[in-house]
Amino acid sequence: MIPPLPDLILELLVRAALIEDLGTHGDITTRTVIPPGARVSGAVRAREGGTVSGMALAALAFRLIDPSLRFEVLVTDGVSFAPGDTLARITGDAAAILSAERVALNFAGRLSGIATLTAAFVAETRGTSARITCTRKTTPGLRLVEKQAVLHGGGFNHRVSLSDAILIKDNHIAAGGGIRAVLQAVKARASHMMRVEIEVDRLDQLAEVLDEGGADVVLLDNMDTDSLRSAVDMAQGRVVLEASGNMRLPRIAEVAATGVDYISVGALTHSVPVLDLGLDF
């Protein structure tokens with residue numbers, strides 16, 4: 001089971017979303033048409049199948065509007081569901097539920113979409129040792145919860161921020177004087193506790209990295225399948241290999257079969273369709 005992020009972190013995100021949605025005058029529609037004290041019971045239902053993520057944020061959206069609302073999760077984060085399944089139930093003041101509804105569904109729909117797409121990519125790696133991982137191509141401000149949604153879908157997380165690891169990209173190499181120069185700089189200046197990844201897009205560059213040393217992980221960027229297979233043969237397990245670029249779902253099985261250790265997919269977070277969820281009274 002993947003532990004939930006603490007409310008201390010989530011509340012900042014949810015509170016900002018509620019403030020954005022309520023605007024300067026609150027929920028005018030609900031205040032106008034719903035009698036004070038009216039109570040309802042509702043159900044969060046799936047209009048399509050997928051994998052759940054974001055239930056903690058949905059619950060928090062309702063709780064911040066009205067702590068007395070009762071939100072019962074029936075399908076927990078990381079669990080798959082079918083179209084029509086009830087994911088959660090909500091009971092309490094009608095006005096409070098209506099005011100929090102959209103924010104709750106926005107979080108749950110987007111994060112469940114990420115978890116669902118991730119699960120589809122992971123399914124394509126069955127029978128291999130390859131792992132699906134995300135990237136930093138996330139929605140500004142939502143990276144932590146989007147990366148957790150990747151975990152709920154069975155994927156793995158790449159670095160969360162620029163401060164987590166050294167990842168030398170092509171522009172670093174160009175500005176830093178070449179592959180040997182940047183690797184030598186890392187060996188001279190980086191902490192022994194910091195892992196190092198370097199990006200290459202040609203096999204001769206990989207050979208240079210292997211000869212120089214200093215990298216723990218090599219990112220194989222936009223290589224065709226034959227080149228990926230050759231890279232695995234060249235590395236012989238000396239470094240972790242991560243395939244990246246042009247990683248569309250129909251290609252994942254053949255990439256995983258090359259023997260790479262990780263396949264990073266930006267689309268998990270930057271191009272994911274929102275899963276269709278609804279709240280029915």
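The buried residues of helix α5 (143-152) pack against α1 (7-22), β2 (50-51), α3 (55-65), α4 (94-123) and α11 (267-270). Those names come from DSSP runs numbered from the N terminus, with helices (H or I) of at least four residues and strands (E) of at least two. "Buried" stands for under 20% relative accessible area, with exposed over 50% and partly exposed in between (1.4 Å probe, protein chains only). Before going on, please note that this is a predicted model, where local features need pLDDT of at least 70, side-chain atom pairs count only at pLDDT 80 or more, and totals for chains, interfaces and linings use all residues. Residues are numbered from 1 along each chain as its sequence is written, and side-chain values use heavy atoms, leaving out hydrogens and water.

Let us stay with α5 for a moment. Seven of its ten residues are buried, so the helix is largely enclosed by the rest of the structure. These are V145, E146, K147, Q148, A149, V150 and H152. After α5 comes G154, with a positive phi near 95 degrees.

Now step back to the loop between β6 and α5, where you will find T138. T138 is buried, at a relative accessible area of 14%. Its contacts (heavy atoms within 4.5 Å), leaving aside neighbours within four places in sequence, are R143, E146 and T269. With R143, the T138 side chain makes a side-chain polar contact of 2.9 Å; such a contact is a pair of N or O atoms within 3.5 Å, and within protein one must be able to donate a hydrogen and the other to accept it, while residues adjacent in sequence count only if both atoms are side-chain atoms.

Strand β6 leads us to the sheet. Six strands form an open sheet in the order β6-β11-β10-β9-β8-β7, with parallel pairing. β6 (131-133) and β7 (166-168) are at the edges with a single partner strand each, so one side of each has no neighbour in the sheet. The twist from one strand to the next averages 25 degrees. Pairing requires at least two bridges found by DSSP; parallel strands β9 (residues 217-221) and β10 (residues 240-244) are joined by five. One of the residues involved is V217, whose bridge partner in β10 is V240.

Helix α8 (residues 203-212) packs on this sheet, touching β8 (196-200) and β9, and its direction makes about 155 degrees with that of β8. Such angles run from 0 to 180 degrees between N-to-C directions, using axes fitted to C-alpha atoms, for helices over the stretch in contact. Within α8 sits L206, which is buried with a relative accessible area of 0%. Not counting residues up to four places away in sequence, L206 touches V200, V218, A231 and M234.
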